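Let's take a friendly walk through two spots in this model. Have the structure open beside you as you read.

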Amino acid sequence: TLSDEEDAFIRNERVMGKISWRYWAERYATISLAAQAIGPMFPLWESQTLLLDRIGDLEWARYEEQHPDGVVVDILKDRQVGASTMAASFLAHRITTHPNVNALSASDVPESSTNVWDMLERIVDHLPWWMRPQILERTKNDEMVFSLGSRVLMGASKSTRGRDKTTRTAESAKGQLGRGRTLSCVHLSELATWTNPDQIDTALEPGIPVSPQTVWLKESTAQGKGPHNWWYQDWQLAKSGRGRSVAVFIPWYLERRRHWLPCPAGWVPAEETLAHARRIEESSPRWCRGRTYRPVREQLYWYEQAKAIAVTKDALEDFLAEHPADDEEAFQFSGKSVFSSLVRDRIRLQARPLAGMVTIKSNRELGTLP
């Protein structure tokens, strides 16, 4: 039997937790810490703070504009910036605090989907009993159903889990992820390596309502570019403002906790390193909410040393694609090219700003010839 004070506390936490993800996550979200312990999710990394702030900006803008849609974002990112952890916590928050929510978590292959699913389950299982609704059904790496009427499904692009698990018929085979299902909370990961991403457009998106309650997060690193690369094309639509999604880029330099090294007292950055630092200063306001970012010496030393190691191992393309300063750099160096990554990097760093453009027309085009 609870005392009046305990009962009031629980009611307050449930209401405040439902209203605010931050309030809920600061107190109740438990995650893996460095793959060797578990602990609180907060304090957030700087990359996670940027993602949360960008989502907050989007929510406020759509509220002021009376926009009919919710949080729909494309997240292009550096490696290991905590975006998947954030997405798993968003899903866990929604399905445990809101009734009748249908959620989906999916990645490129079942193994990757399982990793994200484990994050979600860890958060749910470590909630206090009075914050966690009763779990009515639970199938490992497949589905959880709650007493609130909410449920979350796990899917994958490259398996029979890429189907509608509620029908389990021949029509719901691989490549029909989410077909026939209305989903208001969705997380798709590693989209650059999906083998059949067209199913997102044909089967999944029609079932994601245009509603202020919708949360749809698509996140991946860059893996190639061009007219037939689904993730590249979806990112370009988001970046141009023509698609349903809003573009959020998370650069390498935000993660100072990982990307830094003590540098010798007399170390002088190479010219290519200084050119990269200038590129960061120029592009950071576009992606960091107007903030001009100037990397410190320890970050530049890490970048120069890590880049040199990548050159030695003939893995420069992977390094530049996975630790980009801006989105163009990420896609420019992903995939294969007839030019070496060293040549492309040198051209990019030595390129000067466009001074002007001249249009040349023939006399016939100008109408001066009969």
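Which residue of β7 is the bridge partner of Ser-107? The partner in β7 is Ala-156.

## About the model

This is a predicted model, in which local features need pLDDT of at least 70, side-chain atom pairs count only at pLDDT 80 or more, and totals for chains, interfaces and linings use all residues. Residues are numbered from 1 along each chain as its sequence is written, and side-chain values use heavy atoms, with hydrogens and water left out.

Strand β4 covers residues 102-107; strands (E, at least two residues) and helices (H or I, at least four) are DSSP runs, numbered from the N terminus. Pairing of two strands requires at least two DSSP bridges between them. With β7 (residues 151-156), β4 pairs in the parallel sense over six bridges. β4 also runs parallel to β8 (residues 185-189), joined by four bridges, and here Leu-104 stands opposite Val-186.

Because six of its six residues are buried, β4 is largely enclosed by the rest of the structure. Buried means under 20% relative accessible area, exposed over 50%, and partly exposed in between (1.4 Å probe, protein chains only). One side of β4 carries Asn-102, Leu-104 and Ala-106, the other Ala-103, Ser-105 and Ser-107, and all are buried.

## Glu-255 in its loop

Now look at the loop between β10 (246-250) and α8 (271-287), where you will find Glu-255. Glu-255 is buried, at a relative accessible area of 1%. Leaving aside residues up to four places away in sequence, Glu-255 touches Trp-45, Glu-46, Ser-47 and Val-81 (contact means heavy atoms within 4.5 Å).
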